[in-house]
Amino acid sequence: MATSMLSNASCTTPENSSVKSRADHSVAELLAHLSVSTPPAVTTSMAASVISAAPTPVYAIPASGAHNHSELSAFIAQEHDAAWASFSADELITAVKAQLSATAPDQQCHGLNAWQTMLCLEKLSLEQLTALSQWCTQHCAPQEASLCSIVNVKSGECTENCHWCAQSRHYHTGASVYGVKSGVECIPAARQCYEHGVSMFSFVASGRKQNKHELQELLTTIDEVRKQVPIKLCASLGLCRADELKTLYAHGIGRYHCNLETAGSFFAAVCTSHNQSDKLKTLEAARDCGMELCSGCILGMGESELQRIELSQQLRALQIHSIPLNFLHPIAGTPLKQQHKLSFEEIVRAVCIFRLANPQAHLRFAGGRALLTAEELHAALSAGVNATIVGNLLTTVASTSIADDREMFLQHDYILPPLPASTADANNHA
C-alpha cells in the first residue's frame with residue numbers, strides 16, 4: 001500500500017455551513033492547464049470535476065502502485081490514450097467490455113483507470129453508463145449478494161473530529177455513550193443475523209483506537225460470540241497496531257474494516273485529527289496478518305465527482321473487495337448537518353464510478369441508504385450494488401428487515417445463500 005501517495009494538507013470546514021468546492025473544470029480545461037493536447041472528442045464539462053476543496057493538489061494512487069506524487073489531473077493525462085479519446089459512445093462501450101472481458105475469472109481484474117472512467121462519464125448518457133456498469137457487474141462481480149451486519153459495540157466520546165460523525169465528543173448530537181458491550185448483549189443480534197442468511201457480523205467501536213483494557217474486553221466479547229454463533233466475524237476498531245490486529249485475527253476476526261471515507265485530496269476538509277495515511281497503515285497491517293479488507297466511502301460530504309474517481313482509483317490500487325458506499329446522513333450538531341443530499345443522477349453516476357474501477361468487488365449499501373427513495377435504491381442496484389449492511393447501523397437504521405433486503409436482491413436476480421435451520425442445528429453439524 002502506497003501510504004506516501006496521499007495529501008496531508010489541512011483545512012477546516014466552518015460549523016453550520018456546507019463544504020463548498022473551490023473550482024469546476026472540464027476535462028479539456030484540466031488537460032489545457034497541464035499543457036496537454038486536448039483530444040478533440042473530449043470537450044464537454046463533467047458534472048463536478050473539482051480539483052480540491054483545499055488549496056492543495058489532488059493526489060491519487062496509480063494502479064501500478066508507483067510511489068511518486070502526482071496530481072490526479074496529471075495522472076489522468078498520463079493515462080491518456082489517443083485511440084480511446086477518439087471513440088464514439090458505442091465504440092467506447094465496446095472497448096470497455098473488451099478490456100474487462102480479457103481477464104480470466106480466477107485473476108484480479110483492475111478495472112478502468114481514471115482517464116477511462118472520465119471518458120465514460122463524459123461520453124455516455126446516464127442510461128448508457130448504467131447499462132455498461134450493469135454489464136460489468138453481471139460479467140465480473142460476485143453474483144451472490146453479500147449481506148453483513150454490524151453491532152455498535154462501544155459508542156460515543158470519540159476524540160476525533162470527523163465532521164460527519166455523531167459519536168465525536170467535539171459535537172453535541174445526543175448520541176448514546178457506553179462502554180464495551182458483553183458477549184451476552186451481542187449474541188442475540190449475531191444469532192438473528194446468522195439465521196437470516198447474513199454471512200458476516202462486525203464489531204464496530206467508536207474511538208481513534210482502543211486502549212489495552214478496552215481491547216481485552218472486546219476480545220472476551222468476540223470469543224463469546226464466536227463460541228455461540230457460527231458466523232464469520234469482522235471488526236472496525238479504529239487505527240490498530242499490527243500486533244493488535246494479529247491478536248484479533250487469532251481470535252477469529254477474518255476481516256478488518258477501515259473506511260478511507262473520501263479522496264485523499266478532500267480528507268483534510270472533513271477531518272483534521274488524523275489523516276488518510278493512518279488508515280492505510282492500518283489496512284496494510286491487517287492484510288499482512290491474513291485478514292480480508294473492507295474499505296469504502298461516505299458520498300455527499302462536498303467532494304467533487306473527480307474526487308470520487310480519485311477514491312475509486314485508491315480502492316482499485318489496494319484491491320479492496322468489500323466497498324461500503326455510505327451516503328451522508330446529515331446529523332444535527334455536526335458540521336455537515338446542512339449538507340444537501342445527492343441527486344438521483346449523482347447517486348447513480350457514483351455507483352458506476354466505483355463499479356467500473358472495481359469490477360470484482362462487492363459494492364455495499366451502508367449508512368444513509370434509508371434516505372434513498374425506492375427508485376434510487378433500485379437504480380443503484382441496477383448500476384452495480386451487489387451487497388448491503390442489514391439491520392441497525394451505528395446511530396441510524398439500515399433497513400426495515402433482513403427479509404425485505406433479501407427480496408430486494410432477488411428482484412435483481414442475485415443469488416442468496418440458503419437459510420440455516422438454526423444456530424443449534426449448525427452447531428450440531430459442526
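Cys162 sits in the loop that links β1 (146–154) to α7 (183–195). The model you are looking at is predicted. Cys162 has a relative accessible area of 11%, so this residue counts as buried, the cut-off being under 20%. Leaving aside residues up to four places away in sequence, Cys162 touches Tyr171, Val270, Cys271 and His274.

Now let us turn to a pair of helices. Helix α4 and helix α5 pack with their axes 10 Å apart and at an angle of about 145 degrees. The crossing of α4 past α5 is left-handed. The table shows which residues make this contact.

| Helix | Residue range | Residues in the contact |
|---|---|---|
| α4 | residues 89–101 | Ala89, Leu92, Val96, Gln99 |
| α5 | residues 114–123 | Gln116, Leu119, Cys120, Lys123 |

Sorted by class, the contact between α4 and α5 has five nonpolar residues, two polar ones and one charged one.

Finally, here is the protein as a whole. The protein holds 16 helices and nine strands. Of its 430 residues, 58% are buried, and Cys162 is one of the buried residues. Among contacts between residues at least 6 apart in sequence, 79% join residues at least 24 apart. The accessible surface of the protein comes to about 17,100 Å², and carbon and sulfur atoms account for 50% of that area.

Conventions. Residues numbered from 1 in each chain as written. Predicted model: local features only at pLDDT ≥ 70, side-chain atom pairs only at ≥ 80, totals over all residues. Heavy atoms only, no water. Axes fitted to C-alpha atoms, helices over the stretch in contact; angles between N-to-C directions. Helix = DSSP H or I, 4+ residues; strand = E, 2+ residues; numbered from the N terminus. Left-handed = near helix turned anticlockwise from the far one by under 90°. Contact = heavy atoms within 4.5 Å. Nonpolar A, V, L, I, M, F, W, Y, C, P; charged D, E, K, R; others polar. Buried < 20%, exposed > 50% of the residue type's maximum accessible area, 1.4 Å probe, protein only. Areas by Shrake-Rupley, 256 points an atom, 1.4 Å probe, with all protein chains shown as cover.
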